[in-house]
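Student: I am new to this structure and would like a close look at a single part of it. Could you walk me through the salt bridges, please?

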Amino acid sequence: MRSKKAEIAQLVEHTTENCGVLGPIPSLGIPSLSPSMKKLPSPLNVQALMRSHGLFPKKSLGQNFLTDPSTLQKIVDSAEIDPNAEVLEVGPGLGSLTRHLALAARRVVAVELDENLISILEEVLGDTDNVEIVHADILTLQPQKIMQENGYWVVANIPYYITSALIRHLLEAPIQPRRMVLTVQKEVADRITATPPDLSLLALGVQVYGRAQKVAVIPASAFYPTPQVDSAVVRVDIYPQPLIRTSSLNTFFRMAKAGFSQKRKTLRNSLSAGLSLSSQITGELLASAEIDPMRRAETLSIPEWSRLTERYLEEQQKAKDESKEKE
């Protein structure tokens, strides 16, 4: 009877035809690795591997598996991983990228939500001694339980709707990452890296913690099954401290959510509705922060959001103090 390892070995394609779907990454100046410099893992035959387990990609989890070996390595190159570093991989899928990460880092912790993929990951990565597989929801898992020290790397292929929540979850933990490399839909990458006057709530939620830049575009053809849109790789280099004072972050996010809650509305109108303030008080608040009440949320810079948040907190404290004096 053939062993499972033998079956997996047969499912690995030794051809690397149709590679090179990504060009250079000019924003970082990172060259591609040649086979002579490093022996890269042979690409997995994703379709055959899933069929052998009676599985199909789940649309509900946004499962599109990256298969192109050149693209996989370029993601690793863009992360510029220290050889002694720990890497947290979110959404390893079938382990294609995990095998490349294992060559670059001292330790890789791969957190997968889909229970059905755990057995495949264990088989594909069975001979890789520096990879640990964890079946969990990353948004409920405390990083300090799986990562050993500050300054680890994060590499993730995630649905756009958990991007901001994931970053905040990881960066508010007792130990924090140094760099995050996220593969998301290209449109989402554009939103994450947007600047005023086209800032988005998602961009604000990411850029308050680190410098975000789009480092590569991945064509839809590099995935199985093939999605309808291209993807992109976003690298976020984390600041030593957030651009908003840590004690003010909750208020900042509350105000930002209110500001972006009504499209095409002025800040005076959207903040009035979102914060349950009168139009007059909101206008005075904005004026005290030197912001035109007729501007829209997407035109504000992070320093302006910071100033507005601090003025709001000052007014809240002033109101509390006056209330106590009356008592």
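Tutor: Gladly! By the rule used here, the count comes to 13 salt bridges, where a salt bridge is a side-chain nitrogen of Lys or Arg within 4 Å of a carboxyl oxygen of Asp or Glu. Side chains of opposite charge can pair when their charged atoms come close. Please keep in mind that this is a predicted model, in which local features need pLDDT of at least 70 and side-chain atom pairs count only at pLDDT 80 or more, while totals for chains, interfaces and linings use all residues. Residues are numbered from 1 along each chain as its sequence is written, and side-chain values use heavy atoms, with hydrogens and water left out.

Let's start with Arg-235 and Glu-80, whose side chains meet in a salt bridge at 2.8 Å, N to O. Arg-235 lies in strand 9 (residues 231-238) and Glu-80 in the loop between helix 3 (69-79) and strand 2 (86-90), so this pair ties together parts that are 155 residues apart in sequence. Helices (H or I, at least four residues) and strands (E, at least two) are DSSP runs, numbered from the N terminus. Arg-235 counts as buried at 5% relative accessibility, whereas Glu-80 counts as partly exposed at 40%. Here buried means under 20% relative accessible area, exposed over 50%, and partly exposed in between, with a 1.4 Å probe and protein chains only.

Next comes the salt bridge between Arg-107 and Glu-132, with their closest N and O atoms 2.8 Å apart. This pair links distant parts of the chain, as Arg-107 is in strand 3 (residues 107-112) and Glu-132 is in strand 4 (residues 131-135), 25 residues apart. Arg-107 counts as buried, at 9% relative accessibility, while Glu-132, at 37%, counts as partly exposed.

Asp-190 and Lys-186 are separated by about one helical turn, because they are four residues apart in helix 7 (residues 186-192). Asp-190 is partly exposed, with a relative accessible area of 32%, and Lys-186 is partly exposed as well, at 30%.

Finally, salt bridges that share partners join Glu-80, Arg-179, Arg-235 and Asp-237 into one network. When you go back to the picture, you could begin with the Arg-235 and Glu-80 salt bridge, then find Arg-179 and Asp-237 in that network.
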